[in-house]
Amino acid sequence: MATIPHRDPYVDAVLPDGVSRIGDAAEPSRWFDHAHLAAHAGDVDVVHLHVGYGQLDAAAMEAWSEELQRQGVPLVVTVHQLHAPGQPPSGPDDAHLAAVLGTAEVVLTLTPGAADDIAERYGRTAIVVAHPSVAVADPELGSERGLVGLRVGPPSLAVPDPVVLVRAALSGAVSGGGRLRLLVEEAELPALEPAFGAMADTGQLELAVFPAVEWAAQLQQLHVAVLPERCGTHSRDVEVCRDVGTRVVAPSCGWFADQWSEVVPYSHDDHGRVDAVSLTAAIGAALTRPMPRPADRVWRDGQRDAVRQVHAEVYAQVAGDRSWA
């Protein structure tokens, strides 16, 4: 089979044992190239597209999905995002998603709320599969009560006013009797907002610069992680926090609270505007609650096995129905 993308922590986690992936990690995927698809259609039983954005425009996606049909290759789609951040539901990315959902043999998604939205907007029934574990807690690493963490980098810089976001988080941390740590990945340090460095210099908050491979460990050290997510169907970082035992504060838009009961929501609309008062209150409320325990590994391993089994059954079904060109 072919997966798009070829490798990704989620894609790797859900791939059933015994299923061979054909292709490579080229971006954009070579499977989007019609000539490559025509030449190698006989090498794969299924193409599984994990829908994000920035791959092809709507017209190109429609032509690609039609080419898959011509080649007799069944398409499975997992919807990770229903529309791009900052775009209204009727915007161009809605057409992008409609282009592939119209021809998909099977549609998967990650939360019941997303499945309901897919049914209402696209008339497709989506199978809900949980997001499996993507991290393991370090038994030698402790967490600090009252410590609030917020990553600043591309996710938060995409917010219209990241300074407002940070000041609201700082207010919530202090009013809740804690302190704020800004988490900065090493590669993102050159783009750091100067105001954040000034706030660290004056002792209002602390900066923690870390390599990308230590992201889960950074989250594990926190009492509360503030995730400035854009609206979508799920958050991988929510799952990392569940795995390592860190309470989450995330936007009320989307279905983040569908993922895990330990999510405390704050107001945040489709255009990325943060309600500072709501965020401050959410952090204060989260700090009054105990730190959750890391996810039970037996349960998480069983959940992952169940998700893989669902994928194995879907692949077997659509491959068995394949019409060879």
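Select Val100 to begin: outside the four positions on either side in sequence, Val100 touches Leu49, Val51, Met61, Trp64, Leu75 and Val77. The model is predicted.

**The five-stranded sheet**

Next, colour S1 to S5. These strands form an open sheet in the order S1-S2-S3-S4-S5, paired in parallel. S1 and strand S5 (126–128) are at the edges with a single partner strand each, so one side of each has no neighbour in the sheet. On average, neighbouring strands here are turned by 25° against each other, direction ignored.

Zoom in on S3 and strand S4 (residues 106–109), which run parallel and are joined by four bridges. Val79 stands opposite Thr109 in S4.

Now show the helices over this sheet. H3 lies across S1, S2 and S3, at about 160° to S2. H5 lies across S3, S4 and S5, at about 175° to S5. Within H5, select Gly113, Ala114, Ala115, Asp117, Ile118 and Tyr122, which are buried. Just past the end of H5, Gly123 has a positive phi of about 70°.

**A buried histidine**

Go to the loop between S1 and helix H1 (9–14), where His6 lies. Is His6 buried or exposed? His6 has a relative accessible area of 12%, and the cut-off for buried is under 20%, so His6 counts as buried. With neighbours within four places in sequence set aside, His6 contacts Val11, Arg21, Ile22, Gly23, Asp24 and Ala25.

**The six-stranded sheet**

Move to S6 to S11. They make an open sheet of six strands, with parallel pairing and the order S8-S7-S6-S9-S10-S11. Which strands stand at the edges? Strand S8 (206–210) and strand S11 (263–266) do; each has a single partner strand, so one side of each is left without a neighbour in the sheet. From one strand to the next, the twist averages 25°.

Select strand S6 (residues 147–151) and strand S9 (residues 224–226): they run parallel, joined by three bridges. Leu150 is opposite Val226 in S9.

Helix H7 (residues 162–175) lies across S6, strand S7 (179–185) and S11, and runs at about 140° to S7. Helix H12 (residues 276–287) lies across S6, S9, strand S10 (247–251) and S11, and runs at about 160° to S11.

The structure holds 20 salt bridges. Pick Glu185 and Arg151, whose side chains form one of them at 2.6 Å, N to O. Glu185 is in strand S7 and Arg151 in strand S6, 34 residues apart, so described as a link between distant parts of the chain. Both Glu185 and Arg151 are buried.

Then pick Glu206 and Arg179, a salt bridge with an N to O distance of 1.9 Å. This pair also links distant parts of the chain, with Glu206 in strand S8 and Arg179 in strand S7, 27 residues apart. Glu206 is partly exposed, at 25% relative accessible area, and Arg179 is partly exposed at 32%.

**The contact of H10 and H13**

For the last stop, display helix H10 (residues 236–244) and helix H13 (residues 297–320). Their axes come within 10 Å and cross at roughly 145°. Which residues of H10 meet H13? Glu239, Arg242 and Asp243 do, against Arg297, Trp299 and Arg300 in H13. Of the residues in this contact, five are charged, one is nonpolar and none is polar.

Stay on Arg297, whose side chain meets that of Asp301 in a salt bridge (3.7 Å, N to O). Arg297 and Asp301 both lie in helix H13, four residues apart, about one turn of the helix. Arg297 is partly exposed, with a relative accessible area of 25%; for Asp301, also partly exposed, the value is 28%. To finish, select Glu239, Arg242, Asp243, Arg297, Arg300, Asp301, Arg304 and Asp305, which salt bridges with shared partners join into one network.

Key
Residues numbered from 1 in each chain as written. Predicted model: local features only at pLDDT ≥ 70, side-chain atom pairs only at ≥ 80, totals over all residues. Heavy atoms only, no water. Axes fitted to C-alpha atoms, helices over the stretch in contact; angles between N-to-C directions. Helix = DSSP H or I, 4+ residues; strand = E, 2+ residues; numbered from the N terminus. Contact = heavy atoms within 4.5 Å. Nonpolar A, V, L, I, M, F, W, Y, C, P; charged D, E, K, R; others polar. Pairing = 2+ DSSP bridges. Buried < 20%, exposed > 50% of the residue type's maximum accessible area, 1.4 Å probe, protein only. Salt bridge = Lys/Arg side-chain N within 4 Å of Asp/Glu carboxyl O.
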